[in-house]
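Here is a short briefing to read beside the structure. Keep the 3D view open and find each feature as you go.

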Amino acid sequence: MENSYSVLIIGGGNAGLCAALSAAEHTSDILLVEAAPKPERGGNTKYTRDIRYAHDLDGYTTGEYPDDEFVNDVVRVTNNNTDVDLLKMVVSESRNIPSWLQNKDVLIHRALKGTLHLGRTNLFMFGGGKAMINSYYAAAEKLGIKIEYNTKCTDLEFSGNRVTNASLNGPDGNRTVKVGSVVVASGGLEANLEWLSEYWGSATGNFIVRGTRYNRGELLRVLLRHKTKTIGNLSQFHSVAVDARSPKFDGGIVTRIDSIPYSITVNRDGNRFYDEGEDLWPKRYAIWGRLIAEQPGQLAFSIVDSKAINLFLPTVFEPVRDDTISGLAIKLGISPENLSRTVMEYNQSLKRKCTFNPGILDDCSTSGLAVPKSHWAAPIDSPPFYGYSFRPGITFTYYGVKVNSKGQVLSDDGNPSRNLFAAGEIMSGNILSEGYLAGFGLTIGTVFGITAGKEAVSAAGS
Amino acid sequence: MIEYRREFKTADVEYVSNLCHDCGQCFDVCPYTPPNEFSVDIPKILSEIRTETYRKYATPRKMSLFSGSGIGFTLMLFGFSFLALFVIYLSSGNYLRIFMAISGPGSFYVILSNDILDVAGTLILFFVVLAWSISGKKFLKEVGGHSNIGLYDLIRAFFDSFGEKWFRGGGAGCNYPHRDERGSYKKMITHSLVLYGFLLDFLATTSAFVEQDFFHVLPPYPILSMPVISGITGGVMLIIGASLFLIFDYISSSEKDVSMTPIDRTFLVALLLTAFTGLLVLGFRNTSLMGTLLLIHLSMVSVLFISAPYGKFVHLVYRFISIGQYHLEKRLHGD
Ligand SMILES: Cc1cc2nc3c(=O)[nH]c(=O)nc-3n(C[C@H](O)[C@H](O)[C@H](O)COP(=O)(O)OP(=O)(O)OC[C@H]3O[C@@H](n4cnc5c(N)ncnc54)[C@H](O)[C@@H]3O)c2cc1C
Ligand code: SF4
């Protein structure tokens, strides 16, 4: 086994592979370490489907998406909490994403006819994220990039503002390799529930991690130890409502349930706690993970009747079903009296005349309730009744390291490291510090991966 | 194909399972394959269902008992066919003629009479076509529902099948033999060798039939004749194709759990032996081995055809119908 590499890439997801493939345009002396075994490679990237990118009219989307609009979208969802220079760089570079993908044999869907609200702004990878990452790995192998699976980076050694060595832990034990430069692309820390519990306490025991179990934030810890400038904190994550029966890790996108706007959603005590119909679901689904995380036992239950059951996508797990509300409550483990009362109060608060329309912000709302339901408020009165139980499913964390436009990691005093770079989820918070914009995680990782890979080669030489 | 249907019933899954040619692409791109907790293995599931359709729609249904095991049934068929042919052989002429070197026009018919062969061949062929048609009709009724497959759809299915369209996967090919291998045309080429090898052999038989019954030229035919050239080419292609399939299958067997494998293997071995014994008959046609080889070869041929409605051979029926149904649904959706 060799013990010296020009470029070391840590992490085998989107950002790591983009960095490796970009570095490989200039050198072949590259080692990529991936913590997961080969069948589980590809981090959270393997669960993705689409990438947001600025573009004129093209064959992959239903319309143009100008830079300005893209920038504004990010500024809006982050409440103006974004590094505008880095953002503008990502947006303008994102125009090259389709040709980059094609170059690496990643197939892209032709424009999907009006099916999804993302059809104009995002391209969809043919076969999804796993197909994309498989193509990347195939390209990397062809270019002679050395890939070690089941191998974690556990520490970095510095001399001044340069990294000199990296400690690796692989199938054959520990070893230290000398490195010319390093790109950290090890994702977020969402799978490290022990670490998250420093903020969230025992609640993390009830969290579900939607993505890979290997994103444990080890590198972020290493960088914190080495006085790196960070962004965000442990309290923040993106999360959605997932089925409470989901696997603890790696449930991916299929465990999400979209019943909430057509239901009433109650906590363990049988009480409603948030306006289920506040806004269109694509704009609201991402707040529900956190709402549920704040409920007792981190549990919530969505109740629909037979009129509503076909309004949303069928779910992976069958819902609980009963002909009466109290029967359903017992099966779900909620107090039957409380749930019956909540349903009754809700039904009595409904407007008499309204036109129910799931496609728009309709005029069916409640009145006089402490927690209103602003749209799609239809009576829950047609048995059988169905119930889904939810837990918060974490998608990714925002906590990360600060970088400059080359992807160089900054130290506490604001100076960039000479040869240490970061790309992907570990630095996404520079730009997407809060909120969410579908398909933007891959955009940041791709642009910064490509940049960091290229810069890492020249930094290694100096 | 899935996007043309909303709700899934058993017949829908049977339809999809017969559209699946186990290219492995969905396995490769699915993030839920083992060791994921969901442990989804689509090609494996579809292979199980496909095997089940062969059993469920077998004609007559009772024979489906045999279709799973393969080997035992095939050996039994072989024994039975050989015995039958041997009895026919014994029923006329000198008992020892099988050990003699016979040559010249009609030498094969010294061993087994032309008329009996014609009758037996026709009967078997008739049986196969009938069993296939009935099974196909039952299957179509289930998967097609109220829609009506038109001639157009069948023509499309015909071109898809003989053009090996789906093995090409729109340019992506199949992840074959290894699941984690990049897509290639290996499977398409292997399948083409078997398919076209088989068709050439079929052509050899048909052209022999024409020469003999219309032009009254009795076999054996010279090397430079339609039956012999197509027979040799087809035989060699079949042997290479079937062997490749068996080898690929073997080297990747640890990665795949495909319940179709036993049926596949039986069919491939039967094809291989039929082609091989056919070439042997040709090679030794002027020697004293000809009689024995001819009996063995013809027994193999009858095994191949009598088992056709129950083993892997039947895939062409369900697959053809499924592809036709796909074109119909595509057409109805205006794509
Ligand atoms: C279910 C789901 C769906 C999503 N859908 C989309 C989408 O459609 N579009 C979109 O843009 N974004 C989506 N995202 C977000 C997206 O997945 C991330 O933004 C993106 O994949 C991050 O890429 P990455 O390379 O930084 O991290 P990852 O792809 O997670 O890769 C990190 C890799 O680092 C490895 N690793 C971790 N620690 C170490 C270590 N110490 N040593 C070595 N290796 C290590 C891990 O094994 C992992 O393979 C989704 C996320 C989830 C969970
Ligand atoms: S044909 Fe290929 S992609 Fe389709 S189901 Fe079968 S194995 Fe999967």
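The points below cover domains, helix packing, a ligand site and some backbone details.

This is a predicted model. Chain B is described through two helix pairs, the shell around ligand 2 and two cis peptide bonds.

**Domains of chain A**

- Domain 1 of chain A gives 19 residues to the contact, and domain 2 of chain A gives 22 residues.

**A helix pair in chain A**

- The crossing of α1(A) and α5(A) is left-handed.
- Asn14(A), Leu17(A), Cys18(A) and Leu21(A) are the α1(A) residues in this contact.
- From α5(A) they meet Met132(A), Ile133(A), Tyr136(A), Tyr137(A), Ala139(A) and Ala140(A).
- The contact of α1(A) with α5(A) has nine nonpolar residues, one polar and no charged.

**Helix pairs in chain B**

- Which way do α10(B) and α11(B) run relative to each other?
- Helix α10 of chain B (residues 186-214) packs against helix α11 of chain B (residues 226-251) at an angle of about 150°, with the axes 7 Å apart.
- Angles over 145 degrees count as roughly antiparallel, so α10(B) is roughly antiparallel to α11(B).
- The crossing of α10(B) and α11(B) is left-handed.
- The contact of α10(B) with α11(B) has 17 nonpolar, 11 polar and four charged residues.
- Helix α1 of chain B (residues 10-19) and helix α3 of chain B (residues 42-56) cross at roughly 105°, and their axes come within 8 Å.
- Angles of 65 to 115 degrees count as roughly perpendicular, so α1(B) is roughly perpendicular to α3(B).
- On the α1(B) side, the contact residues are Thr10(B), Val13(B), Glu14(B), Val16(B), Ser17(B) and Asn18(B).
- On the α3(B) side, they are Leu46(B), Ile49(B), Arg50(B), Thr53(B), Tyr54(B) and Lys56(B).
- By class, the contact of α1(B) with α3(B) has five nonpolar, four polar and three charged residues.

**Around ligand 2**

- Which residues are around ligand 2?
- They are Cys20(B), His21(B), Asp22(B), Cys23(B), Gly24(B), Cys26(B), Pro43(B) and Leu46(B).
- This shell has five nonpolar, two polar and one charged residues.
- Leu46(B) is in the shell around ligand 2, and Leu46(B) is also in the contact of α3(B) with α1(B).

**Backbone details**

- Most residues other than glycine have a negative phi, and most peptide bonds are trans.
- The peptide bond from Tyr176(B) to Pro177(B) is cis, with omega near 0°.
- Pro177(B) sits in the loop between α9 (165-168) and α10 of chain B.
- Another cis peptide bond runs from Pro219(B) to Pro220(B), with omega near -5°.
- Pro220(B) is in the loop between α10 and α11 of chain B.
- Asn79(A) lies in the loop between α2 (67-77) and α3 (84-93) of chain A.

Methods. Residues numbered from 1 in each chain as written. Chains lettered and ligands numbered in written order. Predicted model: local features only at pLDDT ≥ 70, side-chain atom pairs only at ≥ 80, totals over all residues. Heavy atoms only, no water. Axes fitted to C-alpha atoms, helices over the stretch in contact; angles between N-to-C directions. Helix = DSSP H or I, 4+ residues; strand = E, 2+ residues; numbered from the N terminus. Parallel < 35°, antiparallel > 145°, perpendicular 65-115°, else oblique. Left-handed = near helix turned anticlockwise from the far one by under 90°. Nonpolar A, V, L, I, M, F, W, Y, C, P; charged D, E, K, R; others polar. Near = heavy atom within 4 Å. Contact = heavy atoms within 4.5 Å.
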